[in-house]
Amino acid sequence: MIHWIGQKLNDIFGPLWAPYVGYILVGLVIITLVVVMAVISIYLERKIAAFMQMRLGPMRVGKWGTLQAFADVFKLMLKESLTPAQADKQLFHIAPYLVLTVSFLAFAPIAFSPTLQLWDMNIGVLYITSISSVGVIGILMAGWSSNNKYSLLGAMRSGAQIVSYELSAGIAILTIVMMSGSLSVSGIIQSQADGWWIFKGHIPAIIAFVIFAIASTAELNRAPFDLAEAEQELTAGFHTEYSGMQFAMFFLAEYTNMFIVSMLGTTLFLGGWMPLHIANWETFNHLMDKIPPFLWFFGKVFISLFMIIWFRWTFPRLRIDQLLKLEWKYLLPIGMVNLVIGAIVTWLGWIF
Amino acid sequence: MEQHIESHIIQSSDDEFIINVGPQHPSTHGVLHLQLKLDGEKIVDLRPFLGYIHRGIEKMSESLTYKQFIYLTSRMDYLSAHINNQACCLVIEKGLQTEVPERAKVIRTLMAELTRLASHQLWWGSTGLDMGAVSPFFYAFREREMILEIFEETCGSRLTMNYCVPGGVMNDIHPDFVRKVKQLIKQFRENIHEYDELLTGNPIFQSRTQGIGYLSKEDAIALSCSGPVARASGISCDVRKKNPYDAYDRVSFDEIIATEGDCFARYRVRLEEMKQSMNIIEQLIDNIPTGEYRTKIKGIIKLPVGEYYQRVETARGELGVYLVSDGSNKPYRIKFRTPNFSNLGALKPMSLGGKIGDLVAIMASLDLIIPDIDR
């Protein structure tokens, strides 16, 4: 299929321009995919939140409110994007696009199925972690340029939070990278053909998974770590002054980041698109193989996504000093020790 | 005047900056305006600015008759609307020296305790909300909705019920009242463990409230705090015990007192008070005396010349009504001693040195109702 499209493009545009047209098409496909997934996750979030709170959630737009997200986007498109007086206009307008672009870029090396991967670079995991840390610059830009003290406070909180929790997330990722001996996304998934890392990595992998779950939720600025936009403290934090589509950009970026974190967690710990195999259960394994890989992948992603949503609707928010204490006094030391244990386990070959 | 205001505005140096919390802010629960001087996240100075919802209820009462001004007080502490009305009725009855029928006394007390339950449930939900946990809010509203339905059936109104009149209550209770109240108590007793599971036992919630917003016993007395805020600092001040009115002298209940004086103590005191309210309701609901629900009072009430004072325990503390009569059909002067105004004074000593997140937790634990501060 992909080869066929490539040939057609070659025929129409000639060998010089065909790759560029191809890049644009791939970009459009990814943007569409991201937007569709963001819409699905917004709907999921609302419904899950509603069921946890004994209500029905959106019910009016479309069957069971399925079109609610589109209605909201349409409303936001009709709204004027206000710019506060004395705001740093250039930075103010760049910030939402920077945040969203960064989220889109992180999709490049993710493998949705054995054949569906945009860019199988050999440092894929490193690329995702580095590109996703650029997002904090956009948040700081938004907070600084808004000329609003609440925005500034939110941005400073967010900066401190993302920078510190990136360390823990990075160390958790390193544990898996070390066990699988590869930095490329496809390599890590291939290494889980005989069992997912969360199963065969024993205790170090489980600890790494827990640290990754906590740290990545914190990196997402979501509850219980949503201090950057703590509604009751800072009204809306760094995006207080944004309205219309510029606000929608931040909103979309948040849900896109949720997907990236879920996908990364799935890839590293839950075997990516690998089906669930249980040793010596031949029939069961055969049946599992029949399910297409991309269904496996998205199934796992949505389970991780559900976890993130579950966190948000059950926990109260931490305070800023407690948040930093949790990272520097607990998660980071535990992660470090865990990395050493993981190294010993890998060196002794105790992975099976 | 301008100079006077200027001198109240906080001056800041280069390291610190000033933010205005409110009058429109999600955690002030109304139009309270706080000016904070911050050093990073730390609160260095705090000043509340009042008056955004001042309606002059005390002054307006002077031009209304005794039967009319009662209804204005529903709009002070709107979550204890019934208890405010009750206080005004009690002070008028004191002046007239009328005896209220037993049935009316019990109905009033039942309604007052239901009001307290509903108020504390809303407080519990909004405490969760202020801490960033949205879900508890809906669980609190589940039982609150049942209480409001009971109010609607009997009083015709859900929030500002205006059910008390001098001499008794406006109407007899609805035939379904007893059954529904029993059902409410049964369901609430079954569900109250969810309150503990959602917030009380949560480690994040505990670390956000324990040791935060400490108010010493001496400070609480000096600032004339009352209600759960004072009781959490170890002061025994329940008007229902100290100075029983209506049917409180015939029920047995515990006055909840904690000594820690922090946000978690205030939280626990209110949770336990809900259980005590249920105890009171259970004792009274089977023993509503038969008879008149109101004594006949003349159309135009004229209090004898003199000064009258009555205090009651609202959901937030002690409400005092001070009334001066000149013998006409309108009060000469009315002064309300409202609990929230005094409790607001404790905000500054509690929150200095804390973080912005602490301020939100402290505000939640004070359970401020802004229209009650401004009146």
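**Figure 1. Helix α4(B) against helix α5(B).** His82(B), Ile83(B) and Gln86(B) of α4(B) meet Arg108(B), Met111(B), Ala112(B) and Thr115(B) of α5(B). Two residues are in contact if their C-beta atoms, placed from the backbone, lie within 7 Å. By class, this contact holds three nonpolar, three polar and one charged residues. Nonpolar covers Ala, Val, Leu, Ile, Met, Phe, Trp, Tyr, Cys and Pro; charged covers Asp, Glu, Lys and Arg; the others, Gly among them, are polar. Helix α4 of chain B spans residues 81-96, and helix α5 of chain B spans residues 102-130. Their axes come within 8 Å and cross at roughly 145°. Axes are lines fitted to C-alpha atoms, for helices over the stretch in contact, with angles from 0 to 180 degrees between N-to-C directions. Helices (H or I, at least four residues) and strands (E, at least two) are DSSP runs, numbered from the N terminus.

This is a predicted model, in which local features need pLDDT of at least 70, side-chain atom pairs count only at pLDDT 80 or more, and totals for chains, interfaces and linings use all residues. Residues are numbered from 1 along each chain as its sequence is written, while chains are lettered from A and ligands numbered from 1 in the order in which they are written.

**Figure 2. Chain A meets chain B.** Contacts join 24 residues of chain A to 26 residues of chain B. On the chain A side, the elements giving two or more residues are α6 (149-180), α10 (231-234), α13 (293-314) and α14 (320-348). That side divides into 11 nonpolar, five polar and eight charged residues. The predictor gives the complex an ipTM of 0.78 and a pTM of 0.84. Chain B has a mean pLDDT of 86, and 96% of its residues reach 70 or more. pLDDT is the predictor's confidence in each residue, from 0 to 100.

**Figure 3. The two domains of chain A.** Domain 1 covers 1-78 and domain 2 covers 82-348. Domain bounds come from an automatic or database domain assignment. The C-alpha centres of the two domains of chain A lie 20 Å apart. Their contact takes 16 residues from domain 1 and 16 residues from domain 2. On the domain 1 side, α1 (2-52) and α2 (68-78) of chain A each give two or more residues. Helix α1(A) gives the most, with 13 residues. By class, the domain 1 side has 14 nonpolar, one polar and one charged residues.

**Figure 4. Phe70(A) in its helix.** Phe70(A) sits in helix α2 of chain A. Phe70(A) counts as partly exposed because it has 14 C-beta neighbours inside 10 Å. The cut-offs are 20 or more other C-beta atoms within 10 Å for buried, 12 or fewer for exposed, and in between for partly exposed, with C-beta atoms placed from the backbone. Val39(A) is 31 residues from Phe70(A) in sequence, yet their C-alpha atoms are 7.7 Å apart.

**Figure 5. The fold of chain A.** Chain A has 14 helices and zero strands. Its C-alpha atoms fill a box of roughly 65 × 60 × 45 Å along the principal axes. Buried residues make up 43% of its 352 residues. Of the contacts with a separation of 6 or more, 77% join residues 24 or more positions apart.

**Figure 6. The two domains of chain B.** Domain 1 runs over 2-49 and domain 2 over 60-374. Their C-alpha centres are separated by 30 Å. The contact takes 11 residues from domain 1 of chain B and 18 residues from domain 2 of chain B. The domain 1 side has five nonpolar, four polar and two charged residues.
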